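Dear colleague,

Please find below the structure that I am handing over to you. A short account of the findings follows it.

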Amino acid sequence: IQIKPNYAEAHSNLGIILKDLGKLQEAEISYRKAIEINPDFAKAYYALSTLNPLSDNKSWQERLFSESILKNQRKKDLVDIYFARANILEENYNFSQASNFLKKANNLNRNIYGSNYSDISQKIESCYHQAREEKKIDLNQINNFPIPIFIVGLPRSGKTITETILACNNKVIKCGEDSTLEKTINIYFEEKKKLLNPSLSNLYFDNIEADIYGKSYVCTTYPWNLFYTGLIASQIPKAKIIYCYRNPLDNIKEIYKKNMENRHTYSCSIVESANLYIEVYSLMKEYQKRYKSKIYFLNYDNLVTNTGEEIKHLIDWLGWENDNKYLEPNLDPTTIKITGKIDQQRINKNEISSWKNYRDLLKPAIQIFNSNTKFRNLFKQYVEEMNQ
């Protein structure tokens, strides 16, 4: 920026960094500067729309909803603009129009990147059978490494918040969406092909890049570690698995309104998201039956509405000493709500049952959930709420 102060993308990138650091007011200033330099810079509009702007100046929104901003934009930039419009419309309680722009954004995103639903579904199936063929490891092979805690679940299901709560324990190291396990499992099966006798636990800690010295627990939130739940439970004896889930319609709505670009592209389809939700939940239920003591089901809705009790249950399950510090986690900037002129770090409760604002949009998911007898039994309380 010092070298080229009128470079809009640099200001936008600075905004991303500031947001990740929790400096949301400064991030807003950087995004606004990017738009001031380039009034058609789509990515900055989308980023700004994901904040709760502290400035009363909303002139950038007029430009965002203008016809002229759509001219000469690349398809991927139009996706940003449509998502940004949907965010602003939702903020103003215009859910009908927000739904229209969400459809435009997701349809265009699907047109650009396709869908990974089929690949994910096949991966779930193959990993399930792969895990069943593995023999449970001898408990005598337990090593002195830290206890790994794998927090799994679909996007927007509460994984990051859960990790932040656990990180209040100074014996925990946060690794976020670290994909070491996935890389390690590839190495594990390559060694097995060579008729070696690899230890998945040893390989995992040999390959992890985080500095684990002096830590008792290693926590990760990589979403697709859920594929490997069976291998984790059978081959890493000390491992703990926390499966985060929430009201399925809230979850689907949340991932549908987030610009995932080329990641989680199944999210562009309400139908595919609904089917995947059922597949993932059913998979984790099956694993819970087999490895009951190793898998904890964390209901995000309960975490938000009954925070103290839900955290106590989780801490008890981990075998930790209960402490009020877990009630005051240093929340990730993506999970906090900004109100007025002061940053108030608190779990965002506004997303609970917010699917009702998009009832028409979510009709395909509601039909799928209602037609699945097994799912209706598992989620009776949610199904009843859907029909109210």
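**Findings**

The chain exposes about 18900 Å², of which carbon and sulfur atoms supply 45%; such accessible areas come from the Shrake-Rupley method with a 1.4 Å probe, and for residues only the protein chains shown count as cover. Please note that this is a predicted model, in which local features need pLDDT of at least 70 and side-chain atom pairs count only at pLDDT 80 or more, while totals for chains, interfaces and linings use all residues. Residues are numbered from 1 along each chain as its sequence is written, and side-chain values use heavy atoms, with hydrogens and water left out.

The secondary structure comprises 18 helices and seven strands; these are DSSP runs numbered from the N terminus (helices: H or I, at least four residues; strands: E, at least two).

Of the 388 residues in the chain, 54% are buried. Buried means under 20% relative accessible area, exposed over 50%, and partly exposed in between (1.4 Å probe, protein chains only).

A nonpolar core is a set of buried Ala, Val, Leu, Ile, Met, Phe, Trp, Tyr and Cys residues joined through side-chain atoms within 4.5 Å. The largest has 96 residues, and Trp-224, Leu-276, Met-284 and Phe-369 have the most contacts inside it, contact meaning heavy atoms within 4.5 Å. Helix α13 (residues 270-290) gives the most to this core, namely ten residues. Another core, of 24 residues, lies apart from it and includes Ile-149 and Cys-244.

Finally, Ile-1 is in the segment before α1 (8-20) and is partly exposed, with a relative accessible area of 41%.
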